[in-house]
Amino acid sequence: MTRGPSQDSRRGDFPVTRRYARATSKHRDAMQPTGTTPKVVRIRKLEVDLHTGNLWKNGVRTKLPEQPRQILAILVDNAGKPVTRETVRKTLWPRDTFVDFEHSLNTAMMRLREALGDSSEHPRFIETLPRRGYRLVAPVEPVEPEVAEGAIPLNWSQISQLPI
């Protein structure tokens, strides 16, 4: 028995159309940190993997929720500079998404601050700029990936020239 396209492309009870797949992949791409964002950064005594959302505080790993991770990636990209609420809105919610933006952004910022151990009254990481947006005020430094002792770093241009 052959399966029809509607049966092959089903997710749960709803068919997944090409239009839906295209829209969700565009939305997913918009959520990724930009190319200038280092993968792992140190912010004060915290280390954050901006691609996976892993946050290490005092050696304990926790996972940042998706929207707070995206906001932190935007703030790291613009460290020390103001980031408007509109910029965050455009990144987190595409134009055709309808949400209670104010409530959703405030909730995501509250979760991010909670994960970082920050407060809006006495900011150590994220400063609120009333009616404008936010600014990452903590120093940010990229964390280089550790190379095991004795490991030979790979040079991909040499590997691609190896005879097969």
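A crossing of two helices is left-handed if the near helix is turned anticlockwise from the far one by less than a right angle, and right-handed if clockwise. Helices (H or I, at least four residues) and strands (E, at least two) are DSSP runs, numbered from the N terminus. The model is predicted, so that local features need pLDDT of at least 70 and side-chain atom pairs count only at pLDDT 80 or more, whereas totals for chains, interfaces and linings use all residues. Residues are numbered from 1 along each chain as its sequence is written, and side-chain values use heavy atoms, with hydrogens and water left out.

Helix H3 (residues 66-77) passes helix H4 (residues 85-92) in a right-handed crossing. The two pack at an angle of about 130°, their axes 10 Å apart; axes are lines fitted to C-alpha atoms, for helices over the stretch in contact, and angles run from 0 to 180 degrees between N-to-C directions. H3 is therefore oblique to H4, the class left after under 35 degrees (roughly parallel), over 145 (roughly antiparallel) and 65 to 115 (roughly perpendicular). Gln67, Gln70, Ile71 and Ile74 of H3 meet Val88, Thr91 and Leu92 of H4, contact meaning heavy atoms within 4.5 Å.

Five strands form an open sheet in the order S6-S5-S4-S3-S10, with antiparallel pairing; two strands pair if DSSP finds at least two bridges between them. Strands S6 (60-63) and S10 (140-142) are the edges, each pairing on one side only. The twist from one strand to the next averages 25°. Helix H5 (residues 101-116) packs on this sheet, where it touches S4 (46-49) and S5 (54-57), and its direction makes about 40° with that of S5. Strand S3 (residues 40-43) pairs with S10 over three bridges in the antiparallel sense, and Ile43 stands opposite Val140 in S10.
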